[in-house]
Amino acid sequence: MERVVVTGLGLVTALGADKDVVFRRLLDQDCAITDCEDLRAAGFRHVRAGRCPESPSQAARGRQLAVAAARAAAADSGLKLPEDTFLCVGSTMGESSAFEVAAQDDLPRSVLIDATSVSFARAVRAELGLRGDFRTYGTACAAGNYAIGSAAAHLSLGRGKVALAGGVEPFSRIAMLGFSRSRAMSSHGVCRPFDLARDGMVLGEGAAFLVLEVESHARARGATPWAVVGALGLSCDAEHPVAPLPDGSMAGLAFQDALSAQGLTADQIDWVCAHGTGTVLSDAAEAQMLHRVFGAKSPPVSSLKGALGHTLGAASAIEACVCVMALQHQVIPPNVGLQQPAFDLDLVDRPRPASLGWVANVALAFGGLNTVLLMGRYA
Amino acid sequence: MTGSTAGTVCATLPALSQLVCAQTCDWFDGDIATHERGLYLATADAGVDDAVAFYERGLRETLRFASPADFHWTLSNAPAGQISRELHIQGPCYTLVGRGQAVRAVVDHALFDLARGRVKRALLVACELQAQPQAAFVALYDGRIDVSAIEAHLRQVFPMPSDC
């Protein structure tokens with residue numbers, strides 16, 4: 001099977017829509033989470049979120065984020081994406097604003113069906129002139145990893161040369177309500193992954209896409225691969241609708257699944273880009289998982305959600321882009337908001353230069369979904 | 001149309017998921033380890049009506065006091081979550097959103113995982129609620145056979161019980 005490489009990145013986040021700016025701001029430990037007056041006016045209990053500064057229209061917010069990120073990825077690759085580019089998109093809530101409108105005014109059900117996550121794939125296809133096969137992963141907060149891993153597997157099997165894969169999540173008032181009422185949100189509106197004082201997540205929004213190519217295709221056109229896409233490990237807790245398995249055993253199995261498929265051992269992982277939502281339960285379960293996989297010898301671990309908020313279905317795609325940039329620049333972005341580490345892990349508290357060969361992008365989700373996507377330095 | 005029927009629709013996804021489990025619980029009997037079981041689900045609309053109903057209730061009861069109990073049903077992977085719990089499926093668990101593309105994709109993912117030995121048994125589910133709850137249906141495919149003969153092994157299309 002031929003290697004699959006990353007040749008383009010595009011992302012739109014609360015920290016910006018330029019990949020280099022986003023990475024620099026992550027290294028600077030900037031936090032994009034702010035008060036949102038519209039949420040306060042609407043009566044929400046929690047009013048802080050990480051929303052994109054260049055506010056797209058509310059009605060087509062997700063589609064606009066998707067197209068902007070996809071265009072940026074294509075431009076970054078220097079490749080006019082061929083019509084048969086394989087497209088994989090992940091999302092949690094879809095175009096949430098349509099469902100929010102429908103709660104107040106009747107809308108034809110066909111309009112709502114068109115607002116599912118599939119709408120993002122359709123928008124990208126239309127705007128970028130793609131006519132190839134496409135898939136939409138509704139796998140909640142792990143959807144980005146599913147999309148990228150599946151696209152890479154597709155290419156590695158020789159079924160195509162180029163893929164565009166990522167995740168999209170417009171800000172969702174439904175998610176804000178749901179997480180808030182589930183007591184998953186930070187009461188202070190500050191996300192502190194893996195910190196003793198962590199008290200919940202903060203919602204974000206964004207989109208990210210990666211252009212993937214089989215290595216021979218990238219090299220033949222003179223492109224510079226940024227990274228290698230490795231195996232995607234998957235498992236399911238099969239335990240609880242929303243809470244993670246506390247001992248991290250099934251998430252650990254997903255990690256081992258990825259390592260085994262890639263032919264690696266745990267000591268070859270140089271950084272874990274953690275799921276790290278900042279909730280008491282989820283961070284504890286993830287820490288248990290990391291102890292299971294790595295024993296007492298923790299690799300550097302950091303979560304980006306203290307800076308960006310939790311962007312749900314876009315999160316692991318954004319984090320995959322950051323993994324690629326970390327591999328490229330050989331520096332690990334730190335946890336933002338970490339003051340008192342709650343776990344015996346090597347939690348990164350400032351930018352750390354490092355020799356990064358393989359990194360692991362962890363994403364966990366409602367429904368007990370566990371995913372670990374491996375990404376490697378291109379050499 | 002949405003609105004007054006949304007509350008009724010919200011009961012459909014759990015019922016549909018239970019129907020799948022009832023029809024397939026024997027498929028995973030025996031010595032198949034739970035992590036070698038895979039679930040591959042395609043849906044055009046799981047979560048759609050629930051998202052509307054959940055937010056509608058939130059607005060009606062004020063946003064600060066809405067019940068969180070139904071929130072996870074607003075996500076398209078909620079049916080797969082329930083099925084995985086009922087049938088102890090701890091291997092790969094996919095939910096693909098859409099119609100034809102999604103169905104083809106779940107077959108593709110299942111075949112890939114079976115071929116590489118990642119799973120020993122795969123449960124493929126396609127569910128669509130449509131506009132009327134009683135018209136919801138689920139198609140089941142038993143993945144424990146020769147993967148070259150899918151159509152011959154498509155078990156059945158089950159109509160939803162009329163009281164759902």
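1. Start inside chain A. Between domain 1 of chain A and domain 2 of chain A, 22 residue pairs are in polar contact, with both residues of each pair at pLDDT 80 or more. That confidence figure applies since the model is a predicted one. Keep this in mind for every value below.

2. Which elements supply the domain 1 side? Seven elements of chain A give two or more residues to the side of domain 1 that touches domain 2: β1 (4-12), α1 (19-27), α7 (143-156), β6 (162-169), α8 (173-181), β7 (203-204) and β8 (206-214). The top contributor is α7(A), with seven residues. By class, this side of domain 1 of chain A holds 33 nonpolar, 17 polar and eight charged residues.

3. Now the extent of the domain contact. On the domain 1 side of chain A, 58 residues are in contact with 63 residues of domain 2. The area buried between these two domains is about 4,600 Å². Carbon and sulfur atoms give 70% of that area.

4. How many salt bridges are counted between the domains of chain A? The count is one. For a residue pair to inspect, take A:Asp283 and A:Arg198. Their side chains meet in a salt bridge, at 3.7 Å from N to O.

5. Chain A as a whole has 13 helices and 16 strands. Its radius of gyration is 19 Å, close to the 21 Å that the globule rule gives for 379 residues, so chain A is as compact as a globular protein of that length. Along the principal axes, the C-alpha atoms of chain A fill a box of roughly 55 × 50 × 40 Å.

6. Turn to the second chain. In chain B, 51 residues are in contact with 56 residues of chain A. The area buried between the two chains is about 4,600 Å². Here carbon and sulfur atoms give 62%.

7. What polar links join the chains? Between chain B and chain A the count is five salt bridges. The side chains of A:Asp257 and B:Arg118 also deserve a look: they meet in a salt bridge at 3.0 Å, N to O. Polar contacts between chain B and chain A come to 16 residue pairs, both residues at pLDDT 80 or more.

8. Which parts of chain B face chain A? Four elements of chain B each supply at least two residues of the side that touches chain A: α3 (48-60), α4 (78-87), β2 (93-97) and α5 (100-115). The largest share, nine residues, comes from α3(B). By class, this side of chain B has 24 nonpolar, 18 polar and nine charged residues.

Methods
Residues numbered from 1 in each chain as written. Chains lettered and ligands numbered in written order. Heavy atoms only, no water. Contact = heavy atoms within 4.5 Å. Buried area = accessible area lost by both parts, 1.4 Å probe. Salt bridge = Lys/Arg side-chain N within 4 Å of Asp/Glu carboxyl O. Polar contact = N/O pair within 3.5 Å; in protein donor to acceptor, adjacent residues only side chain to side chain. Nonpolar A, V, L, I, M, F, W, Y, C, P; charged D, E, K, R; others polar. Rg over C-alpha atoms; globule rule 2.2 N^0.38 Å.
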